[in-house]
Every structure is written in C-alpha cells, then in structure tokens.
Amino acid sequence: MSSLPFSALLAYLGLFATAQAAVQFLGVAMAGGDFGCDIDGSCPLSTATLPLTELGHADGGGQMKHFVDDDGVNMFRLPTSWQFLINNDKEVSDTLDPTNAGRYDQFVQACLSTGAYCMLDVHNFARFNNGIVGQGGPSDDMFVAIWVALAKMYAKDSRVVFEITNEPHDLDIDLWVQTCQKVVTGIRNAGATTQMILLPASNFDSAATITTNGADALLEITNPDGSFDGLYLDIHKYLDNNNSGQNEECTTNNIGNFSVVADYLRQKKRQGLISETGASSSASCMTDFCEQNTYLNANDDVFIGYVAWAAGQFDSTYVLSLTPTLQPNGSYTDNQLFSQCVLEPYLKAGGSLPTQHTSSTTTSRSTSTAKATKTQAQPSPSVSAAADSSSSSNKGGLKGGSNTPSSSSASAPAPSSTNAAPSQAIGIARNVIVAAVAGAALF
Ligand SMILES: *[C@@H]1O[C@H](CO)[C@@H](O)[C@H](O)[C@H]1NC(C)=O
Ligand SMILES: *[C@@H]1O[C@H](CO)[C@@H](O)[C@H](O)[C@H]1NC(C)=O
Ligand SMILES: *[C@@H]1O[C@H](CO)[C@@H](O)[C@H](O)[C@H]1NC(C)=O
C-alpha cells in the first residue's frame, strides 16, 4: 500500500470521486491510415491515407501541434493497417516494408514531436483479409513479428502506446487472449519494457459487453516479469442507437455502461483507456457526449483517459468531425463539439491547459483538397454484434506533461470493491469504410 501513488490511496479511501480530478490522457484520433479498412480485416492500400502534408494529405502534424499547444491534448491515436505496413493487401507477411513503415514513422514522429503520447493502432479487427489471427488466418507468430518490429522501432520512446489491434469481434476469445499474451511478451522482450499496451476484447471492445466478454481473461495477461504494469483494458463505445457512430442522434450518455465497467475495474484493481468514442454535433450529442466525458473524468481512478474520434484526414463535414479549422492567419480553431464536450469536461474536472498557451501556427499547410467525408461507402456487414469502426480515435493527454506512464498513477491499479454487473448490451458494427471515397480521391 505504501508504494501506491497518492491518487490510488485516495481512490482506495473512496475519496477520489469527490476530489477534483481529470483523466490523465485527453486524446484525439488522427484518422486516415485506416480508411478503407473493413471489419473483416481487409484494408486496401489504395485508400490508406496517413494525414500528413509531407505525404500529400491533410495537415495532421499541424492539427496535432494545435491540439497540444492550444488545448492541452496529450495523446493521439494513429491508425494504420497491417497491409500498409507490409505494403501488400493481397498476401500477408511478417516483414515491414521499409518505405511504408518509414511513412508511418514520419507520422508517429510528427506526433512525438508535439510531446504527446502516440498510440500505434493496427486497425485490423484481429484479422488480415478475412482470416482471424491465430484462428485460421495468419499465425500468431506472424502477428507477433509485426509487433516486435514496431516495438524495436519505438523501444526508446516512452510515449509510444501499443494498441494490439482495433476492435476484435466474432472470434474465440480464449484463443485471442493467448495471441495477445504472445504480443505483449514480444513487445516487452523487444525492449519496449515500460510503455502502455492496450488489451482489446471481442465485440469491438464495446463497453456494453466488455466485462462479460473477455475482460477477465485479458486481465490475466502479464509482462514477462509477471507484473501487469502498463497493461490496460482497451475500451470503445459510441452513443448512437446501434453503437456504430454512424448516426447523428445520440441515444445514450453511456453512463450506465461505463459505470458497470468502472465497478468492474475497481473490483479487479485495474484500469482501462477509452481509445475510441465519438459523437456528432447534433443537440442530443452535445448533451450526451458532454455528460459521458464528464463521467469519465469523474472516474479517473479507473479510466486513465479517452480518445475522441476523429480528426486527421476527415474534413468538417464528417458526422463525427473534430477536425480543427485552419484560419487565414495560420492558426487552427476547434469546433464546438470538441471545445464543449471533449475539452471542457476535462478542464472542468481539473485538467490543465498547456502552460504557455500560444496559438499554434502551422508550418505546413495541406494543399490536398481531398476530403474524407461522411460518405460512408457502405455499412459494415452486419455481424451479430459489432461496434466497430474503421475509424479510430485516440485521446489522451497527460495532465502535467511528459511523465512516462509507468512512473505515475497511470500504472497503479485503483483499489475498490464494487461488484460488476454484467451488461447484455450488444454493440453494433459501426463504421466503416469511410474511406473508400476519400482514398480514391487521393491516389
Ligand atoms: C449499455 O448500453 C446499451 C446500449 O446503449 C444499453 O442497451 C444497455 O442497457 C446499457 N447497459 C447498462 C447497464 O446501462
Ligand atoms: C488567427 O485568427 C483566429 C480566427 O480569427 C483568431 O481567433 C486568432 O486569435 C488569430 N491568431 C493570431 C495569432 O493572430
Ligand atoms: C447503424 O445505423 C446506421 C443508420 O441507420 C446504418 O446505416 C448502419 O448500417 C447501422 N449499422 C449497423 C452495424 O447495423
């Protein structure tokens, strides 16, 4: 007990919820690299669109700098795909393609240069072209090899976060947990010994079902030294009627679902990160999304952060857009949804704005006019229960700056004793392929 951080002690004493506190990580997803990814794990090369001016796409670098410098965002989720990393969308391989891995690294470096935490997201739904990893598709060894290669690239970057995959679904959860254990061991043994790793459950990581759908087994995964340090439950949730993030109206503030997850994590003495959630700018969402994020901040003993979906390659017409607007003078301004429902709940809970609050000026502007629009090429195949997204988001932000996650309460489980109630909610495939259109326009 004595080694626990003060915040964990407060949580143990039941004081945390009443204390002024905000999540550690306030994040935004920089979407684009996932464009075209379907929930069957196919991710066409032709639509992958890393939002980087240097690659001819949107000014993701300028957006991230703005979010950090002007808003205090401290985490970004950076979707890419297995196919992109190996530069082959036909045949699987366990070897990174130097050119495409280099492009992804440019994107990661643009993120790291802001001082934020940067989440690597292999946006493949635990699959490659309809084959489930370790379950008829690519072998565990191949998938592990990809992560080992990435871990070697970023072994020295304490602010890189490993998200094993985006939204597994319709698979054998026990086998998937074995796969994840091998990935964790591979990442750690490759030298990335302290970084955060997010453990994704089945049913698209849906908060509605996660406590009864794999969390128990996922939370048994350990580091090579037997500890749980840096291992967090990966949680996703939208607020529309089919948890797809495709509808403009919000029908829930998710407090019911998140309170089940919060109680569960307290009981388990573990923590989770909501690496994807999002809403539109409709009136219902301006209410529900604000309420949800206020709740997440109030329960920061178990929720270390939330990453909102999405900015990056999306333009302002995308239904869930959080993309800031470039002003003629070179600075970016946020939309109301971001200011009011992503940022404000964090600030009100005690999250901090950057110390030197300077208007960021973009050094490079995108000349690309391509838009990843709200045009969803097609709905995801309606799997039994899917809450997926071809989009991803990330959030984050370390209040306080640049500590490594392992050095603070981020790695400290918050003790508590509430029982978890099972949730029966079924997530639904959301998302999708926002990108076929956008990507096609870009290439
Ligand atoms: C979780 O969310 C789903 C879908 O929004 C809802 O049907 C269900 O009642 C919620 N569960 C709880 C415990 O609130
Ligand atoms: C740039 O323009 C925006 C919008 O008019 C304004 O809010 C901002 O203060 C300006 N920034 C600078 C550095 O002039
Ligand atoms: C969710 O609802 C939207 C809008 O009605 C629909 O287009 C989409 O196909 C639905 N998604 C799923 C997975 O049912």
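Two exercises follow, each with a worked solution.

This is a predicted model, in which local features need pLDDT of at least 70, side-chain atom pairs count only at pLDDT 80 or more, and totals for chains, interfaces and linings use all residues. Residues are numbered from 1 along each chain as its sequence is written, while chains are lettered from A and ligands numbered from 1 in the order in which they are written.

**Exercise 1.** Find which strands pair with S9 and which units they make.

Solution. Start with strand S9, residues 272-278; helices (H or I, at least four residues) and strands (E, at least two) are DSSP runs, numbered from the N terminus. Next, list its partners, where pairing requires at least two DSSP bridges. Strand S8 (residues 231-238) runs parallel to S9, with six bridges, and Lys237 stands opposite Thr277. S10 is also parallel to S9, through four bridges; here Leu273 has Gly305 as its partner. Right-handed means that, with the strands pointing away from the viewer, the path from the first strand over the helix to the second runs clockwise.

**Exercise 2.** Locate the kink in helix H10.

Solution. Go along residues 336-348 to Val342, where the kink is about 25 degrees; the bend is the angle between axes fitted to the seven residues ending there and the seven starting there. The proline Pro345 comes shortly after Val342. Past the helix, Gly350 has a positive phi, near 110 degrees.

Notes: Buried ≥ 20, exposed ≤ 12 C-beta atoms within 10 Å, placed from the backbone.
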